[in-house]
Amino acid sequence: MAPRLDFSDWWAKDTRKGGGGGTPVVVKMENPNYSVVEIQGPDSAFRPVDKTRARKNAKQVTWVLLLKAHRAVGCLTWLAALFWSLLGSIKKRLSFAHNPLGSERLGRDRWLFSAIKLFLAVSLVVLGFEIVAYFRGWHYIPTSTLEIQSLLHLVYVGWLGLRADYIAPPIKALSKFCIVLFLIQSVDRLILCLGCFWIKYKKIKPRFDEEPFRDDDAEGSGFAYPMVLVQIPMCNEREVYEQSISAVCQLDWPKDRILVQVLDDSNDESIQQLIKAEVAKWSQKGVNIIYRHRLVRTGYKAGNLKSAMSCDYVEAYEFVAIFDADFQPNPDFLKLTVPHFKENPELGLVQARWTFVNKDENLLTRLQNINLCFHFEVEQQVSGVFLNFFGFNGTAGVWRIKALEESGGWLERTTVEDMDIAVRAHLHGWKFIYLNDVKVLCEVPESYEAYKKQQHRWHSGPMQLFRLCLGAILTSKIAIWKKANLILLFFLLRKLILPFYSFTLFCIILPLTMFVPEAELPVWVICYIPVFMSFLNLLPSPKSFPFIVPYLLFENTMSVTKFNAMVSGLFQLGSSYEWVVTKKAGRSSESDLLSITEKETVNQKSQLLRGVSDSELLEMNQLEEQKQKKPVKKTNKIFHKELALAFLLLTAAVRSLLAAQGVHFYFLLFQGVTFLLVGLDLIGEQMS
């Protein structure tokens, strides 16, 4: 029965009141299934329209539409310009594709690239199939066989059943496993941050009780100062050898209690001559410095250090400080580190913090600075305070020579000789101290090629070492909790699990779930927790907060290199034992140091030119020409794995549009563009 609308009583009441309107009216309906409707009187419906106001409203709507159209055109213009610029960069990079210097040489690590290409090809086929099904209305499962339109439709229906019954369950299981690992690693990261906050709140830092070296000791015989050996290992370091030797030779320490070893593994004779000349210059100034060169470069850096420690005169020294070729310690470095060894016979290592002269050079260096600041200020500081153990950084540290000898010395079995000696010293009971307030200047790689090679070595070496020292850890006499920390946290969680879940979850499972929506990842996994973890990583470098989104995307991009390196090191695949010297730019933030060096060089020239022969003068001029040799122009490369993953993620982004998954679409789109920029070697361009 239709509802009866009785307006007579309401109209009579309204007439009796003499009111003109605005009285609410309740319309009662006999059928209880209908709702009660409230009307605000008849005037709102029957009031005459103001034509002037209507014209104004029409003009306002027109202006709003024009403004929106202008903004849309501006946005499209910006996108077109960006796309055109990207096409130009692609064309520029592809011009090097047929040049062996213009593309990445995959070598024996083709297995991952081949797997990604296969995954990409299957994704493109499935995407085309899904687009056809979407526009033909096949994305709904028919209720009977009579609704099947064609053979292709039948194949698509079979694909839907196969996807739901056989493909989705293993993907769900793998995604749940990776999510659990992700949460465990996030909890570990959160605990490290809380430990760092506690250290800052309690103002905990290593201290020595009294000043062991007084000024009157320095003026006397200097007997209170221990004997210190300083080593500078280098290999073809044309850009940085001069500033590192200069900084080390200006360390504030009695000259008769220190010896500087310049350990040159260069195979370029011109660089050897330059380093020899630099050593001779400082030797004439009274610095106790010697030059060593190996004819056979075996064992890389570990072999170089091992060869230097085998010299007979090393027995007279108690401590050894190590600086890589691009490190510039302050003059008071030894006076801030060596005193910690006094009255602490169990102390084997004092590690200083790195600080970077080129951290603001481009976007790549800024993102590296975020990672390294967290590593030093959070990971190493917390481990040093609460565990007295962390991985030696290979440079900017002082070792007790007795600890090195008891731990077996430098071994050439891995590419991470610094971590190797640290683990073996820890197993022998030696303790480590980390000094966060003692900083040493150095460089970070400015090109993606150099950074990628560095990260490959840093992530393949620990897995090599884990295979080699697992038995020694299990049979050692240290406490069980220390063994658990070494195996579960130091190696498995931070060196193996982190690159595994990061690559698998965000580069494989996430795009895969776009084609298998039954195994879709929740938003909090791909958005909320990663953003929170990135926020924690940025806490030690608060000035980098504007780069939180590029940092998150770039870390996911680097997971490809880290995962490849981890697998290569764990299973001894490909280039797991390949050592490539990280390319340096030779930058220095201390212009005063450079100006002083230039003045001293001029003064020294004026003194040497008096009474030299023509042959000696010719040799000096040749050395100057070698110093002023122009650097080789940078050649941008194409990185195949990153490009393949870029197209894979962009393909998955297109598929997410069909499913109207907004968050997944934007994440896949931005992540795919990041992979594209990295694959075209654009991430290291000047973007400060």
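Q: How many cavities of 30 Å³ or more does the count come to in this predicted model?
A: The model is predicted, not experimental. A cavity here is a space where a 1.4 Å probe fits but cannot get out. With the cut-off set at 30 Å³ or more, the count comes to two cavities.

Q: Which element gives the largest share of the lining of the second largest cavity?
A: This cavity has a volume of about 30 Å³. Strand S4 (258-264), strand S5 (289-293) and helix H9 (300-309) each give two or more residues to its lining. Three residues, the largest share, come from H9.

Q: How do the lining residues of the second largest cavity divide into nonpolar, polar and charged?
A: The lining consists of Leu 263, Asp 264, Arg 292, His 293, Arg 294, Asn 304, Ser 307 and Ala 308. Leu and Ala count as nonpolar, while Asp and Arg count as charged. The division is two nonpolar, three polar and three charged.

Q: Which residue in S5 stands opposite Asp 264?
A: S4 and S5 run parallel, joined by five bridges. Asp 264 and His 293 both line the second largest cavity. In the strand pairing, the residue opposite Asp 264 is His 293.

Q: What is the handedness of the β-α-β crossover from S4 to S5?
A: S4 and S5 are parallel. Between them the chain passes through helix H8, residues 269-284. The crossover is right-handed.

Q: Which strands are the edge strands of the open sheet?
A: The sheet has seven strands and mixed pairing. Its order is S5-S4-S3-S6-S8-S7-S9. Neighbouring strands are turned by 20° against each other on average, direction ignored. An edge strand pairs on one side only, and that applies to S5 and S9 (431-442).

Q: What is the bridge partner of Val 228 in S6?
A: Strand S3 covers residues 228-234, and strand S6 covers residues 319-322. The two pair in the parallel sense over four bridges. Val 228 has as its partner Phe 319.

Q: How far apart are the end C-alpha atoms of residues 638-658?
A: An unreviewed UniProt entry places the feature "transmembrane region" at several spans, including 179-199 and 638-658. Residues 179-199 are 100% helix and 0% strand, with end C-alpha atoms 30 Å apart. Residues 638-658 are 90% helix and 0% strand. For residues 638-658, the distance between the end C-alpha atoms is 31 Å.

Terms used
Residues numbered from 1 in each chain as written. Predicted model: local features only at pLDDT ≥ 70, side-chain atom pairs only at ≥ 80, totals over all residues. Heavy atoms only, no water. 1 Å grid on protein atoms, 1.4 Å probe; cavity = no way out; pocket = protein on both sides within 12 Å on 5 of 7 lines; lining within 4 Å. Points joined across faces, edges and corners; volume = space filled by probe spheres on them. UniProt positions renumbered as here; feature names shortened; annotations may be inferred. Pairing = 2+ DSSP bridges. Right-handed = clockwise from strand over helix to strand, strands pointing away. Axes fitted to C-alpha atoms, helices over the stretch in contact; angles between N-to-C directions.
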